[in-house]
Amino acid sequence: MNIAKTIKETRQIVQQWKNENLTIGFVPTMGYLHEGHASLIRRAAEENDRVVVSVFVNPIQFGPSEDLDKYPRDIEMDKRICEANGAHLIFVPGVDELYPFGFSTYVDVEGTSKGLCGGSRPGHFRGVCTVVAKLFHIVQPDSAFFGMKDAQQLAVIRRMTEDLCFPVRIVGCPIVRESDGLALSSRNNYLNDVERKAALCLSQGLDEGLRLIENGERNTHVIKSAVRKKIEQEPLARVDYVEAVDPNTIQGIDYIKESILCAVAVFIGNTRLIDNFIWEEA
């Protein structure tokens, strides 16, 4: 497994693979990898000849009061997980490598980036799209793999990829959960034992909404109310949002016709967690 810290070195390795007509799968991450990331790497390895994983805590997608400085980092663990799950190259750039002095160009996707996390975290998706666009240019992957826990991010990246004509297939991969239902997240590391137990209210609330849909409920206001009520039964929970939207456009819907993305963001103590489900009419 190769480890590259510069754009030049990464491009040289990728170009050699392309000269050999090898397909390239790409998994962009912010590091502190867990089984959710590992599942993306394995999927990329199953579908491609070579796999590139980027590890970069992207400063421009964090707001001024967010957790950039304390975001968990463990590059040695990341290397072990990458190698064990089939990665061939880890790209670990420094901030100055991706954002040199004078950097002033950004990618902003309208529509899908509004609402949900885009409403709660202004500028977040501009930062996400800018770094992903740069990484696509550097790695030149055939396919890129993203977790569906960040469902809005997936929709935004798909929109950007289509609008900017990137020759990249975007693959959404299922949420990976702990045995008790908690969605895996690097930010789970912030939770103490009491908060970790309290965080189950996210998946429990979503389960309540899914149960209503499977029993025939199609009014999203009823569904959202039930999800919120279940989450708010947990004293440590502070709801940021509970929303029901179209999975592709991220526009709100009042009544389910074909599909729904039910997404939540909840503070457990000082830690903001997200979760969701997507339901489609059979």
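A cavity, on a 1 Å grid over the protein atoms alone, is a set of points where a 1.4 Å probe fits but cannot get out. A pocket is an open set with protein on both sides within 12 Å along at least five of seven lines. Lining residues have an atom within 4 Å of a point. Grid points are joined across faces, edges and corners, and a volume is the space filled by probe spheres set on the points.

This model is predicted: local features need pLDDT of at least 70 and side-chain atom pairs pLDDT 80 or more, while totals for chains, interfaces and linings use all residues. Residues are numbered from 1 along each chain as its sequence is written, and side-chain values use heavy atoms, without hydrogens and water.

**Stop 1: the cavity**

The structure has 1 cavity of 30 Å³ or more. The largest cavity has a volume of about 40 Å³. Select Lys149, Leu182, Ala183, Ser185, Asn188, Leu202, Leu273, Ile274 and Asp275 to show its lining. Strand β9 (residues 271-280) gives the largest share, 3 residues. Helices (H or I, at least four residues) and strands (E, at least two) are DSSP runs, numbered from the N terminus. The lining holds 5 nonpolar, 2 polar and 2 charged residues. Here Ala, Val, Leu, Ile, Met, Phe, Trp, Tyr, Cys and Pro count as nonpolar, Asp, Glu, Lys and Arg as charged, and the others, Gly among them, as polar.

**Stop 2: the second largest pocket**

Next, select Ala155, Arg158, Pro247, Asn248 and Thr249. Of the 16 lining residues, these lie nearest the centre of the second largest pocket. Its space is about 290 Å³. Now colour α7 (151-163), β8 (259-268) and β9: each supplies at least two lining residues. The largest share, 6 residues, comes from α7. By class, this lining has 7 nonpolar, 5 polar and 4 charged residues.

**Stop 3: two helices**

Show α1 (residues 7-19) and α6 (residues 124-139). Their axes, lines fitted to C-alpha atoms over the stretch in contact, come within 8 Å and cross at roughly 50 degrees. Angles run from 0 to 180 degrees between N-to-C directions. Ile7, Thr10, Arg11 and Val14 of α1 contact His137, Ile138 and Val139 of α6 (heavy atoms within 4.5 Å).

**Stop 4: annotated residues**

Finish at Gln61 and Gln153, where UniProt (unreviewed entry) places the feature "binding site". They are spread over 93 residues of sequence, yet cluster in space, with a largest C-alpha distance of 11.7 Å. Gln61 is in the loop between β3 (50-55) and α3 (75-84).

Technical notes. UniProt positions renumbered as here; feature names shortened; annotations may be inferred.
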